[in-house]
Amino acid sequence: MHDSPHDPYVRVRGAREHNLAGVDVDIPRDALVVFTGVSGSGKSSLAFGTVYAEAQRRYFESVAPYARRLIHQVGAPSVGEITGLPPAVSLEQRRSSPNARSSVGTVTTLSNSLRMLFSRAGHYPEGAERLDSDAFSPNTAAGACPSCHGLGRIHETREELLVPDPDLSIRQGAVAAWPGAWQGKNLRDVLDALGYDVDRPWRELAAKDREWILFTDEQPVVTVHPVREAGRIQRPYQGTYTSARRLVLRTFSDSKSPALRARAERFLTSAPCPVCGGGRLRPEALAVTFAGRTVAELAALPLTALAGLLSTAASGADATETARVLTGDLVARIGTVTELGLGYLSLDRATPTLSNGELQRLRLATQLRSGLFGVVYVLDEPSAGLHPADTESLLVVLDRLRAAGNSVFVVEHHLDVVRHADWLVDVGPGAGVHGGRVLHSGPPRELAGVEESVTRRFLFDRGPAPARTVREPAGRLRTGPVTRHNLREVDAAFPLGVFTAVTGVSGSGKSTLVDALVDAYTGRTEDAGRLVTVDQRPIGRTPRSNLATYTGLFDVVRKLFAETAEARAHGYKAGRFSFNVPGGRCETCQGEGFVSVELLFLPRTYAPCPDCHGARYNPETLRVRLRGLTVAEVLDLTVESAAAFFADVPAAARSLRALLDVGLGYLRLGQPATELSGGEAQRIKLASELQRPHRSPTLYVLDEPTTGLHPADVEVLMRQLHGLVDAGHSVVVVEHDMDVVATADWVIDMGPDGGDRGGRIVAEGPPERVAGAADSRTAPYLARALSGA
């Protein structure tokens, strides 16, 4: 039966990816299958790292080697064999690099349909030539406004932004927009060689000189004779001058680094393009209308409003058959997006401003319309960032994917999605080395008999929220009136010294209100204490950044190694044990542990370094041992193992205890930042804060801290957050998990809906009061959490 093409199961044998312990499991096809387990248990390693990776590998084997190198490949998984595996489509929460031109319309391809509508059925001015659909795209040469290049805004700068302190000389750093380190020094030396006075205060320089230094488009090349420095040989070189304006604009438009772009943006002003008025298109495209509006105006409408306007226009007496066909297709495709609770978005909303959950659901909507069948869809927490009301719509969409003849494999923590599954694969019981086993593979109801499962308790043993005393606020911080995004003159009072939850459906204005709170707190004149915002952005963008370096733990470890007798005998300092600088690291791989292997016509692959075999250090450094372990072996310890190893080192024990307290005991100290989920990155940031002694009251602001967390991990996290409040601090969370909201002292519910139909405070007060609010979409779900139903 196993070898039969009609075998209804995907059969996995001997899966050892990451922490999987030789897993054998049978997963039914044509079903909604949910993979559960605590964070780090191995469920993603099974669903994505094994099943999806093997499906992709098989597909690529059928592709010509020359074409293969053009496609990103995830690598062959560590698995004995997999049978019965159809082609797979992965919908992860990962985003590509930020791009100002990527929008909701481009991700969903709805913009293509809208452009076609204007090209074929738009109302043209008399005598105007019919335009091709490309002319209605700001991302093509045919359509982009020539002034702003299709961005809708122009960026400029002024002298007072580039030189904030005119009393300084150029040598003292008057031109704040220049880069630091060598490049800034080079520009100073080039100006000196060109004959400008770099030692006179900026305000005393001639106006024409100041204008040239900051704004010239010339790029003169001159021989620079650097000032001699002790112990360094400085040879003359040819230096090129670039004005501050040119440098800032180039960095802002071309840099791939978010930090450099953010720095450049400080020196720029932004305004709507005077030529297109922010419409991003050429005048001839903006002269074409449909239903009395330009393509830019329709792209700016929330999708629900756009669908309504198109439907009305198509049913009008003067609508052509072409207009009816094109609007019918467009409205149907918009319907799949609004079904997923994203009707508040507009087509021109930039992709970098979307949450990971919103982006994944947009991709899911695109797949719904693709008409594929016989495919395995592998989804990564599609409920992330969803209000319980929107989760119900998500379940309908997942059912439709399955009904179309597909298999839907979902990695998920949301209990409503878990209960809705046809089949449940529970991985655990713990995280890291304590997990990696399949505890249950079968119908969800049968998990009730699996004593080892952590998920079982939350799925079947729910009770009412425990009775507790609501804390009294120590004061209130008032914000507003706030008019930003969809908020209109909103006043809010956040209680201090308590746990506050901000709730509401997606797009209701929760994050906007909390951003206003952060601004108000920062602007207080009285002693406000510290403000700590903990988000889910990565803790680093390269494999060189890891858990130990981010938390400062690695500084302690390196000092301990430098104090060993072996290190002192060789004169090794703490820097010797860093893999980021020459000296102690392996120079073959420059401390990365792996090398890039270029293969003709095949994608670049990475292999363990042939010299250090992944250890990152040279043999001399690895001879130094601390209590029997090398520095590479210490980096390979899990947080849990390291806590026992460094129990008698207070500085290390404090960092490790904080990481254990937020449920990250399964991570390795040297785990690259690029391998961490958003939820893990957020908890690492929280742990970094928890290890610091805070004497003054602190306001902690967290945006959906439970995203990506199993209910057991949520309990661990909530103990920490409530502990902060008990210690005299204030905690504000934007949250969709009703079990978390039920434990809050104060709830502010935004709504009633998303976009233009939201943006106001619908209800506020203790959870019990908000649970009874008539206009609140949150109320029934909060009431259910409070009662334990």
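**Aromatic pairs and a pocket**

Let's start with rings: the count comes to eleven aromatic pairs. A pair here means rings of Phe, Tyr or Trp (its six-membered ring) with centres within 6.5 Å; planes under 30 degrees apart are stacked, over 60 edge-to-face, the rest tilted.

A word on the source. This is a predicted model, where local features need pLDDT of at least 70 and side-chain atom pairs count only at pLDDT 80 or more, while totals for chains, interfaces and linings use all residues. Residues are numbered from 1 along each chain as its sequence is written, and side-chain values use heavy atoms, with hydrogens and water left out.

Back to the eleven pairs. Take Y9 and W423: they are edge-to-face, 6.1 Å centre to centre, with 70 degrees between the planes. This pair links distant parts of the chain. Y9 sits in strand β1 (residues 9–15), W423 in strand β12 (residues 423–428), and they are 414 residues apart. Helices (H or I, at least four residues) and strands (E, at least two) are DSSP runs, numbered from the N terminus.

Buried or exposed? Buried means under 20% relative accessible area, exposed over 50%, partly exposed in between (1.4 Å probe, protein chains only). Y9 is partly exposed, at 26%. W423 is buried, at 16%.

Next, W212 and Y241. They are stacked: 5.3 Å centre to centre, 15 degrees between the planes. W212 is in helix α7 (residues 207–215). Y241 is in the loop between β8 (237–240) and α8 (244–254), 29 residues from W212. W212 counts as buried at 17% relative accessibility. Y241 is buried too, at 0%.

There is also a cluster: F118, F136 and F290 form one.

Now charges over rings (NZ of Lys or CZ of Arg within 6 Å of the ring centre and within 35 degrees of the ring normal). R616 lies over the face of F579, 4.1 Å from the ring centre.

Last stop, the second largest pocket. A pocket is an open set of points on a 1 Å grid over the protein atoms alone, with protein on both sides within 12 Å along at least five of seven lines; lining residues have an atom within 4 Å of a point. How many residues line the second largest pocket? There are 45, and R462, D737, M738, D739 and V740 lie nearest its centre. Helix α27 gives the most to this lining, with six residues.

Notes: On a 1 Å grid over the protein atoms alone, a cavity is a set of points where a 1.4 Å probe fits but cannot get out, and a pocket is an open set with protein on both sides within 12 Å along at least five of seven lines; lining residues have an atom within 4 Å of a point.
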